[in-house]
Amino acid sequence: MKYRKSISSLLAVAAAYCSIPLLILWVAVQGAEHANAQVVHEVVSPDDAGAAAAFEAIVPVLRHPRCMNCHSSGDFPRQGDDSHRHTMQIRRGDGQGMNAVRCNTCHQDHNLVGVHMPPGAPGWHLPPPAMPMIWEGLTDGQLCELFKDPQQNGHRTPERIVEHMHTPLVLWGWAPGDGRAPVPMPQHEFIAKVEEWAAKGAACPMGASARMTPEDSVVHSSSSVYLQRATN
Ligand code: HEC
Ligand code: HEC
């Protein structure tokens, strides 16, 4: 009996000793995994850096008045290189204008000839009030995140954003009609950069400076989405 008991206690001790190396191994593995996780978090992959750089390359087009005049704050389109408020009390309404004053009353599917004549392209309108696609006041990184957010970008994947860059309202930026400067980058270069951004995983630039004007912060303070994004 005594003999049996000592064997079982011996086994128990042996088991305990065996498990110590296992425990040490387990702790070591945990530690290594933790360290790896930190490394992965800190090192930006070459594709992420490439995607972010490709996005930065298209920013001068996105921020150009030819695009911003429909993607600015306020419930109205803007006009000219100084992006002044559209004359004649034109409002967003449902995106197509208000009441009898619809965009297509004046804007045709092509530019009308002559300085200060209405420009035009098929489907000329503003984004709808529920998803106004306002880019003004966002940093480059926030603008990029908006392009990736289906809740804000018209339910698009990055691939669909690439396709959208071939649609009439975007292409109009290269042929905006008499007296208007086109966007500042050859079209094939722009498309190639947008494609590169999506193909490399659509990562976004980080830490770009905020571009808030006092006017923006007033307008955007009504939108928690943009305020949240601004603090991210
Ligand atoms: C006449 C007004 C108008 C102009 C000018 C315009 N857009 Fe837009 N844009 C729109 C509308 C309307 C939508 C929403 C289309 C939809 O979802 O069907 C939109 C949506 C977008 C979207 C997807 C939504 C988002 O914000 O992520 C992108 C990208 C875009 N436009 C790029 C451009 C670029 C680039 C230019 C300039 C070269 C431009 N747009 C000029 C009206 C305009
Ligand atoms: C009563 C006629 C009229 C209506 C309605 C109208 N526009 Fe215009 N719009 C014009 C004219 C004219 C111009 C050209 C002004 C100029 O070049 O000085 C213009 C210019 C613009 C521009 C400026 C393009 C640029 O980059 O300089 C945008 C954007 C625009 N309109 C969007 C809209 C949208 C969106 C709607 C509907 C919500 C709309 N407009 C309704 C007459 C109109």
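User: Among contacts in the chain between residues at least 6 apart in sequence, what percentage join residues at least 24 apart?

Analyst: It's 61%, where a contact means two C-beta atoms, placed from the backbone, within 7 Å. This is a predicted model, so local features need pLDDT of at least 70 and side-chain atom pairs count only at pLDDT 80 or more, while totals for chains, interfaces and linings use all residues. Residues are numbered from 1 along each chain as its sequence is written, and chains are lettered from A and ligands numbered from 1 in the order in which they are written.

User: How many helices and strands does the chain have?

Analyst: Ten helices and four strands. Both are DSSP runs numbered from the N terminus: H or I over at least four residues for helices, E over at least two for strands. Along the sequence the order is α-α-α-β-β-β-β-α-α-α-α-α-α-α.

User: Let's take a helix pair. At what angle do H2 and H8 pack?

Analyst: In general, two packed helices are described by the angle between their axes and the distance between the axes. Here H2 (residues 46–62) and H8 (residues 187–199) pack at about 145°, with axes 8 Å apart. Those axes are lines fitted to C-alpha atoms over the stretch in contact, and angles run from 0 to 180 degrees between N-to-C directions. H2 passes H8 in a left-handed crossing, that is, the near helix is turned anticlockwise from the far one by less than a right angle.

User: Which residues make that contact?

Analyst: H2 brings Gly50, Ala51, Ala54, Phe55, Ala57, Ile58 and Val61, and H8 answers with Phe190, Lys193, Val194, Glu196 and Trp197. By class that's nine nonpolar, one polar and two charged residues. The classes are Ala, Val, Leu, Ile, Met, Phe, Trp, Tyr, Cys and Pro as nonpolar, Asp, Glu, Lys and Arg as charged, and the others, Gly among them, as polar.

User: What span should H8 have?

Analyst: The expected span is 1.5 Å times one less than the number of residues. For the 13 residues of H8 that gives 18 Å, and its end C-alpha atoms are 18 Å apart, which agrees. H2, with 17 residues, reaches 24 Å from first C-alpha to last, close to the 24 Å expected.

User: Which residues of H8 are buried?

Analyst: An α-helix has 3.6 residues a turn, so residues three or four places apart point the same way. In H8 the buried ones are Phe190, Lys193, Val194, Trp197 and Ala198. They cover an arc of only 135° around the axis, which puts them on the same side of H8; the arc is taken from the directions from the axis to the C-beta atoms. On the other side, His188 and Glu189 are exposed. Buried means 20 or more other C-beta atoms within 10 Å of a residue's own, exposed 12 or fewer, and partly exposed in between. The buried residues of H8 pack against H2 and helix H6 (158–164).

User: And which residues of H2 are buried?

Analyst: Ala51, Ala52, Ala54, Phe55, Ile58 and Val61. They pack against H3 (65–68), H5 (140–148) and H8.

User: Where is His64?

Analyst: His64 sits in the loop between H2 and H3. With 19 C-beta neighbours inside 10 Å, His64 counts as partly exposed. Leaving aside neighbours within four places in sequence, His64 contacts Val183 and Pro184.
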